[in-house]
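Subject: Handover of a structure, with notes on what was found

Dear colleague,

Please find below the structure that I am handing over to you. I would be grateful if you could read the notes with the structure open beside them.

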Amino acid sequence: MKEELEKPDGVAEEPKPTEEAGTSEGTGTSLVITGEVLPETLAIMPAKRRPFFPGLQIPIEVPEDQVSTLEYAIQSSNQTVGIVLVKNPEAPANAENLYEVGVAAKIVRVARAEQGGQILIACMERFKIVEATDAPPGVLARVEYHYATDYNLNSELKAYARAVIQGLRELMDLNPLQSEAIRLFLTRTALDDPGRLADFAASLTMAEGHELQQVLAEFDVRHRIDRTLVLLRHEIEVSKLQQQINRQIEEKMSGQQREFFLREQLKAIKKELGLEKEGKLTEIETFEERLKTRKLNAEASQTVHEEMEKLRVLEPVSPEYTVTRNYLDWLTVLPWGIMSQDNYDLKRARRILDRDHYGLVDVKQRIIEFLAVGKIKGDIAGSILCLVGPPGVGKTSIGMSIAEALSRKFYRFSLGGMRDEAEIKGHRRTYIGALPGKLVQSLKTVGTSNPVIMLDEIDKIGASFHGDPASALLEVLDPEQNHAFRDHYLDVPYDLSDTLFVTTANQLDTIPGPLLDRMEVIRLSGYILEEKLEIARRYLVPKALKQHGLPSGRVVIQKDALAAIIDQYAREAGVRNLEKQIRKIMRKAALALAEDSESKLVVTRKNVESVLGKPFFTDEILFEVRPGIVTGLAWTSMGGATLQIEATAVKSQQKGFKQTGQLGEVMVESSHIAYSYVMAHLPDFGASADFFDAHFVHLHVPAGATPKDGPSAGITMATALVSMVTEKSIRKDLAMTGELTLTGRVLPIGGVKEKVIGARRAGLKILIFPEANRKDVDELPEYLKKGVTFHFARDFEDVVKAAF
């Protein structure tokens, strides 16, 4: 319990100094002010943070461990205590941890408490510790005093004193908290006491303890003022910076407050004049206005009504307000019941298809038949088309042409690499930043409920721990289910049955069976040389001229040059690589035109190589004719292709057989079947029955870096082994495809059209197919069969007869 402040016995209110002649360590003549006689031995109380200066009255807290030192000082005759700064505040306050210079202080009042106490001290004179010991009451020190002096000031000291006073006045203007103390000090202090002026100025600064200790320990007044001026100037700069920061903050706050009040006043004025309503009411009216033009189902209408009532009672600052508002925005912006008028004019549709695509007669016919059914039925609901073909054959553009022919809106998004089910069915609203799926977003974009939506690259859809998008598409692409499609975000049924879905794929193998079962497949097999020639002449060259800003007469690509480009640089099923080569020609023409405005580039068959570089394909390399080499036909995701199979035999004491060329398991099995069949029927081919017993056989399928698989190379491998054994070559322009069994039967294969197109691109004229594929060949367009001789084989004997 703290006691009332009391005066220790014998302590005077204000010590009365007496004067005694003496000399000063400062500059000029002076008198030493001794005052009361101070004791030579003092009890030392440590100061933890900063030292005290003479001439100041300061209240200090006395910790419990210093109470004995305080009592010792009170009981002394002078009731004086020494205050000395410690060197290390964390270490014990013993004699070794004290600075040498401190200040002697009279104890004016004491207030005791249960733990420690508080005293009011009057700091009097500096002293220097001569000897200090750690005694039971605390640290006792024998000291030597350095009394303040009364100066006869010279001009230099006056200038220093005025500099300190000027600094104090600046600090008074900058720091309101200290202005009263500075003003009171300056009214009571004159220039004739520079020492006290320096001490007071130093005590006002927020300098570090060791910096203030240097001022206290400086007995020479001029040097002391030097140190004080440095600290004072630093304090002034910090105060200026602090004032600048405060001013910036106040200006920013006042600007924001002013803007806030002005906005509130503007809002109130507009509300009174009826020019503007509250934000919430405006949004609710917007939602209600949208609903007037939409026909929601019963469940969706009920949900919208409930959410609107919730929105009316929610405060705009509530987090749930934003969630509800966004949900209503999505519900009301969707085109419920809004349909575009279908156009079933078949002549117009055929004209659009012929305008945008050359060739693809069977594909166009399928699309026209599809539209004819819609014309008779009145709608084409429940139809999902799947366009399958190699890259660059026009799958996406055909989808756009279907939409234009029907006069419907078109929207396309890619499924390639999609691994999250939420991309299709949306996120649940419990998640931060939740959004509907791509299908709902597409309906918002097109603004109708019956657009043509193209799902691109459906064969490249993925799966991960986020879910299986392919399974989510089962509901979307099922006519029996998509009339009540439920997006996770909307959580109300939406009718997708009026939407025409068109999907694209390069191959069907990677599409899940249940998903493929829901789609009507239309195959785009690719283009032959004649078709590519017309596509380049009608579409690609004019398009490239326009893209490169070239006048039509500045670039001429002759027809035979285009044919050479297609044959030697762009043999793929599509036309993308052909378009790249045409763009390359246009860039060279643009460069020439930029350098010479009169230049003209004419590309002929003779200078194609100088413009485009060395050809990528040459017949001499691809179709080399020698024993053991046979050309086969393959069907890949890139369309029909040719591949050569090579066989060679090495004499060995032990027979053996190996295959190379990155063959898949099915193709390896086909090679073993071919090897076993030929080995069992060697005499039938005019070869020695023990040929394989004395030879190691190696079968290779270039190119080695390309993976290959499938059963359709069976007869090609067997023919290569027969050619190797008999040392007879097959015809140069002959290729074959078919699956071989151990008994020699030739089984049917797939991709007949693609393989025929690939053979025509490669310039092959004689083709061997299984007898079971005769009906597929008969269905081919006449322009594909023109100039090609077909042989059909029931068993391997028929293959040998046709090949040799």
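The notes below begin with the whole chain and then turn to its parts.

This is a predicted model, in which local features need pLDDT of at least 70 and side-chain atom pairs count only at pLDDT 80 or more, while totals for chains, interfaces and linings use all residues. Residues are numbered from 1 along each chain as its sequence is written, and side-chain values use heavy atoms, with hydrogens and water left out.

The whole chain

The protein chain holds 27 helices and 27 strands. Helices (H or I, at least four residues) and strands (E, at least two) are DSSP runs, numbered from the N terminus. Of the 804 residues in the protein chain, 47% are buried; buried means under 20% relative accessible area, exposed means over 50%, and partly exposed lies in between (1.4 Å probe, protein chains only). Among the contacts (heavy atoms within 4.5 Å) with a separation of 6 or more, 74% join residues 24 or more positions apart.

The parallel sheet

Five strands form an open sheet with parallel pairing, in the order β11-β12-β15-β10-β16. Two strands pair if DSSP finds at least two bridges between them. The edges are β11 (410–414) and β16 (520–523); each has a single partner strand, so one side of each is left without a neighbour in the sheet. On average, neighbouring strands of this sheet are turned by 20° against each other, direction ignored.

The pairings can be followed across the sheet. β11 and β12 pair over five bridges in the parallel sense; Arg 412 has Met 454 of β12 as its bridge partner, and Phe 413 has Leu 455 of β12. β12 and β15 pair in the parallel sense over four bridges, and Val 452 has Leu 500 of β15 as its bridge partner. Strand β10 (residues 384–388) pairs with β16 over four bridges, again in the parallel sense, and the bridge partner of Cys 386 is Val 521 in β16.

Two helices pack on this sheet. Helix α12 (residues 395–406) touches β10, β11, β12 (452–456) and β15 (500–505), and its direction makes about 175° with that of β12. Helix α14 (residues 438–446) touches β11, β12 and β15, and its direction makes about 150° with that of β11. Such angles run from 0 to 180 degrees between N-to-C directions, and axes are lines fitted to C-alpha atoms, for helices over the stretch in contact.

In a regular strand the side chains alternate between the two faces of the sheet.

Helix pairs

Two packed helices are described by the angle between their axes and the distance between the axes. Helix α18 (residues 559–569) and helix α19 (residues 576–595) pack at an angle of about 125°, with their axes 10 Å apart. α18 and α19 are therefore oblique to each other. Angles under 35 degrees count as roughly parallel, over 145 as roughly antiparallel, 65 to 115 as roughly perpendicular and the rest as oblique. Residues in this contact include Leu 562 and Ile 565 of α18 and Ile 582 and Ile 585 of α19.

Helix α10 (residues 346–356) and α12 cross at roughly 150°, and their axes come within 9 Å. That makes α10 roughly antiparallel to α12.

Nonpolar cores

A nonpolar core is a set of buried Ala, Val, Leu, Ile, Met, Phe, Trp, Tyr and Cys residues joined through side-chain atoms within 4.5 Å. The largest has 54 residues, of which Ile 557, Ile 582, Ile 585 and Met 586 touch the most other members. Helix α17 (residues 529–547) supplies the largest share of this core, seven residues. A second, separate core of 50 residues includes Leu 296, Ala 300, Val 440 and Ala 470.

Yours sincerely
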